[in-house]
Amino acid sequence: MAVIIIVLASICMIHLNGWSLDFTDRDIRIIVTDSMDGELTDYDIPTIEKDSLVMVRLIGDDEKPDLKTGDVIQFDYHGLLNHHRIVSNDPASGKVVTKGDNALVSESVKYEDIRGIVVGKDHFLGMIISFVKEYFILIICAIAVLLIISEIYRIIKKERSA
C-alpha cells in the first residue's frame with residue numbers, strides 16, 4: 001500500500017512540474033486566496049483556483065526581462081509571497097505590472113522582488129492538502145480510533161478461536 005501511495009505521489013509531483021523530473025530550483029505552494037480565480041484564459045496557466053497547489057520554477061535576474069504578458073509569477077509583496085499574472089514587462093525600468101485574474105487593481109513589482117514563474121497547478125491535490133491541514137487533529141483521532149477498534153476486534157477474534 002505504501003508503495004502505491006509513493007508512486008501516485010511521485011506521478012502527481014512530476015505532472016505538477018510539467019512532466020519534468022528536474023526539481024532543482026522549485027517551490028511548491030498552496031494558493032490561499034481567490035485573487036487568481038477568474039475567467040479562464042488562453043495562457044499556459046489559464047487561472048488558479050483557491051486551494052490549488054502550484055509549482056514555481058525559481059528564476060534568476062537574467063530571465064526576468066524575458067517574462068511575458070500572461071506568465072504567472074511568484075513575488076514578494078510586503079513580506080508575503082504572492083502569485084499574479086503579468087500584464088506588462090518593462091525591462092528598462094526593471095519592473096513588471098501584475099494583476100490577479102480576480103483582482104480589481106494591479107501592482108507594480110520590481111525585478112528584485114520576483115522569485116519565479118508558475119509552471120504547473122493542481123486544484124485537486126491542493127484541496128486534499130488544504131483539507132488535511134485544516135482537519136489534521138480530527139484525521140489523526142479518526143485513525144487512532146480505527147486502529148484501536150481493529151486491535152479490539154483482533155483480540156476478540158483470537159479469544160473466540162482459542
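**Close-ups of salt bridges and cores**

**View 1. Arg 29 pairs up with Asp 27.** Arg 29 makes a salt bridge with Asp 27, with 3.0 Å between the closest N and O atoms; the term means a side-chain nitrogen of Lys or Arg within 4 Å of a carboxyl oxygen of Asp or Glu. Asp 27 is buried at 11% relative accessibility, while Arg 29 is partly exposed at 33% (buried is under 20% relative accessible area, exposed over 50%, partly exposed in between, using a 1.4 Å probe and protein chains only). This is a predicted model, where local features need pLDDT of at least 70, side-chain atom pairs need 80 or more, and totals for chains, interfaces and linings use all residues. Residues are numbered from 1 along each chain as its sequence is written, and side-chain values use heavy atoms, leaving out hydrogens and water.

View 2. Asp 27, Arg 29 and Arg 115 form a salt-bridge network.

**View 3. Here's the largest nonpolar core.** It has 10 residues, including Ile 59, Phe 75 and Tyr 111; such a core is a set of buried Ala, Val, Leu, Ile, Met, Phe, Trp, Tyr and Cys residues joined through side-chain atoms within 4.5 Å.
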